[in-house]
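Take a look at the model below.

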Amino acid sequence: MTATHILLLIGAYFLVLILISYLTGRNDSNADFFKAGKKSPWFVVAFGMIGASLSGVTFISVPGWVESSQFSYMQVVFGYLVGYFVIAFVLLPIYYRLNVTSIYEYLQGRFGTVSYKVGAVSFFISRVLGASFRLFLVAIVLQQFVFDAWNVPFELTVVLSILLIWIYTFRGGIKTIVWTDTLQTLFMLLSVGLSIYFINEKLGWGFTEFLDSEELKEYSKVLFTDDFFQKNHFIKSFLGGMFITICMTGLDQDMMQKNLTCKNLGDAQKNMVSFSLILIVVNFVFLLLGALLFIYADRYDVAIPLMDGEPKSDLLFPEIALNSGLGMVVATTFILGLIAAAYSSADSALTSLTTSFCVDFLGIEKREVSQQKRLRKKVHVGMSLLLILVVIAFKYVLDRNVIDGLLTVATFTYGPLLGLFAFGIFTKYQIMDRLVWIVALSCVLIVMGLSYLPAEFLGGYQIGYELLPFNGLITFLGLYMIRKRI
C-alpha cells in the first residue's frame with residue numbers, strides 16, 4: 001500500500017466522521033457538548049468505550065510489548081476487571097446522585113475549592129500527557145509509513161492529526177464522541193481479527209493450530225509469581241491494574257463523561273459491567289496478535305523498524321501489515337484500525353479537556369449564557385494547540401515503549417486524585433482545604449523520587465505500577481494529618 005493510498009483512505013474515513021459530527025452536532029449547545037442531553041443508549045456507550053479504553057496504545061504498543069514481557073500484561077488486565085466493578089458500584093452512584101458535569105465538583109462539595117482545583121489540575125495534567133502519548137503513537141506511524149515519503153516534517157504530521165480531531169468535535173462534543181467511538185471500535189476489532197486470520201493463513205496455520213503451536217508457548221506465559229522483587233510479579237501487576245482503572249477511568253473526566261451521558265445510574269452500571277467483561281477478551285486477543293507478529297517476523301526475517309536509529313517494537317505491527325506482502329485487505333483494515341484506535345481515545349480526550357477547563361477553571365456555567373458557547377469554542381482551540389506542543393515534545397524525550405510510559409506517568413499524576421476521593425468517600429473528616437495542594441505536590445515528588453531509585457539500592461526490588469496505590473495511600477495519610485479537629 002502506497003503513501004497516497006493510505007492518505008486517501010484516511011481522508012475517506014474522516015469524511016464519515018465529519019458526517020456523523022454534522023448529524024449529532026446540529027444543536028451545537030453546551031448541554032449536548034458536555035452531557036449529550038443525558039440520552040445516550042448504554043449499550044452504545046459500552047461498545048464505544050472499548051475503543052476509547054484501548055486506544056492506539058493497545059492497538060500498536062501492547063502487541064509490540066509481547067517479546068519483552070510475554071503475556072504478563074494480562075495480570076494488569078485482571079486487575080482492571082476489579083477496578084471497573086469498584087467504579088460501577090462505588091463511584092457512579094456518587095456522580096449520579098450529585099448530577100455533576102465535572103466529576104471533580106464532588107471534591108468542592110466535600111472539602112472545598114482548593115481540593116476541587118487540585119483534583120482538576122491532577123486530571124488536566126494526566127489527560128494532557130495520556131492523550132499526547134496516544135497521539136504520538138499514531139503520529140509516528142503515519143510519519144514512518146506515509147509522510148516520510150513526501151519529506152513532510154513530523155511537526156506538520158502532528159498538526160494535521162489534531163486538526164482533523166478538532167474539525168469533527170468542535171460542535172457536537174461528547175454527543176458526537178459517543179457515536180464516533182462506536183464506529184471506531186468496530187473498525188479496530190475488525191482490523192485485529194482480520195490481521196490474525198491472514199497472518200495465520202500466511203504461516204499455514206488455522207487458529208486452533210496457532211493456539212497449539214510450540215512457537216506461541218515461547219511468548220504466552222501469563223502469571224509471574226516466582227520473584228516478588230521483579231517489576232512484573234502478579235500481585236504488583238494486579239494491584240497496579242486495579243488502581244490504574246479506578247484512577248484512569250473512574251476518577252477521569254474523559255471516561256466518566258461518557259458514562260454520565262446515560263439516562264440513569266442503572267444504565268451506566270450495565271454499561272460499565274458489560275464493557276469490563278468484554279475488555280478482558282479483547283486484551284487477550286491483542287496479546288495473541290503480538291505473539292503472532294513476532295512469530296511471523298522470525299519466520300520471514302522481518303526486522304523491527306528503526307526510529308532515530310533505534311529499534312522500535314511499537315512499529316512492528318504496521319511494518320508487517322503494510323510492507324510484508326499480506327495483501328491489500330490487511331493493509332486497509334490496519335490503517336482503519338489504527339486511526340480508529342488512536343482517534344477514539346484522542347477525540348474524547350480533547351472534549352473532556354475542554355469540558356474540565358471550562359467547568360473547573362473558568363466556571364462557564366456561571367457566565368452569561370450569551371458568552372458560554374463562544375468561550376467553549378475558544379477553549380477547544382486552546383486545548384488543541386496544547387496537545388500539538390506536547391506531542392511534538394515527546395518525539396525528543398520519550399525513550400520507552402509507549403504503553404509502559406503511559407502507565408508509569410499514571411502512577412505520578414493520578415495519585416492525588418486517588419487519595420482525595422478515597423478520603424472523601426471512606427472517612428467523615430473535614431480537612432484544612434488550603435493545605436491540600438502542599439500534600440498533593442509533596443506526595444507526587446516523593447513517588448517520583450522513589451521511581452528513580454535503582455533496584456540495587458532497594459535490595460534488588462524493582463518498583464512497578466504499585467507506585468500508584470502507594471501514591472494514593474501517602475496522599476490519604478497526608479490528608480489525615482491536615483484533618484480538622486472536632
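**A residue and the helices around the chain**

S352 has a relative accessibility of 0%, so S352 counts as buried. Buried means under 20% relative accessible area, exposed over 50%, and partly exposed in between (1.4 Å probe, protein chains only). This is a predicted model: local features need pLDDT of at least 70, side-chain atom pairs count only at pLDDT 80 or more, and totals for chains, interfaces and linings use all residues. Residues are numbered from 1 along each chain as its sequence is written, and side-chain values use heavy atoms, with hydrogens and water left out.

S352 sits in helix α15 (residues 328-361). Leaving aside residues up to four places away in sequence, S352 touches F123, R127, Q253, D254 and Q257. Contact means heavy atoms within 4.5 Å. R127 is 225 residues from S352 along the chain, yet their C-alpha atoms are separated by 8.6 Å.

Now the whole chain. The protein chain holds 20 helices and 2 strands. These are DSSP runs numbered from the N terminus: helices are H or I with at least four residues, strands E with at least two. Of the 486 residues, 59% are buried. Among contacts with a separation of 6 or more, 85% join residues 24 or more positions apart.

Next, helix packing. Two packed helices are described by the angle between their axes and the distance between the axes. Helix α4 (residues 73-98) packs on helix α11 (residues 234-250) at about 35°, with the axes 7 Å apart. Axes are lines fitted to C-alpha atoms, for helices over the stretch in contact; angles run from 0 to 180 degrees between N-to-C directions. The contact includes F78, Y84 and L91 of α4 and F234, M242 and I246 of α11. By class, this contact of α4 with α11 has 14 nonpolar, 8 polar and no charged residues. Nonpolar covers Ala, Val, Leu, Ile, Met, Phe, Trp, Tyr, Cys and Pro; charged covers Asp, Glu, Lys and Arg; the others, Gly among them, are polar.

Helices α6 (residues 113-145) and α18 (residues 415-426) cross at roughly 145°, their axes coming within 8 Å. S115, V118, G119, S122 and F123 of α6 meet P416, L417 and L420 of α18. That contact of α6 with α18 divides into 5 nonpolar, 3 polar and no charged residues.

Finally, α19. V436, V439, A440, C443, V444 and V447 are buried there. Seen down the axis of α19, its buried residues fall within an arc of 125°, so they line one face of the helix. The arc is that of the directions from the helix axis to the C-beta atoms.
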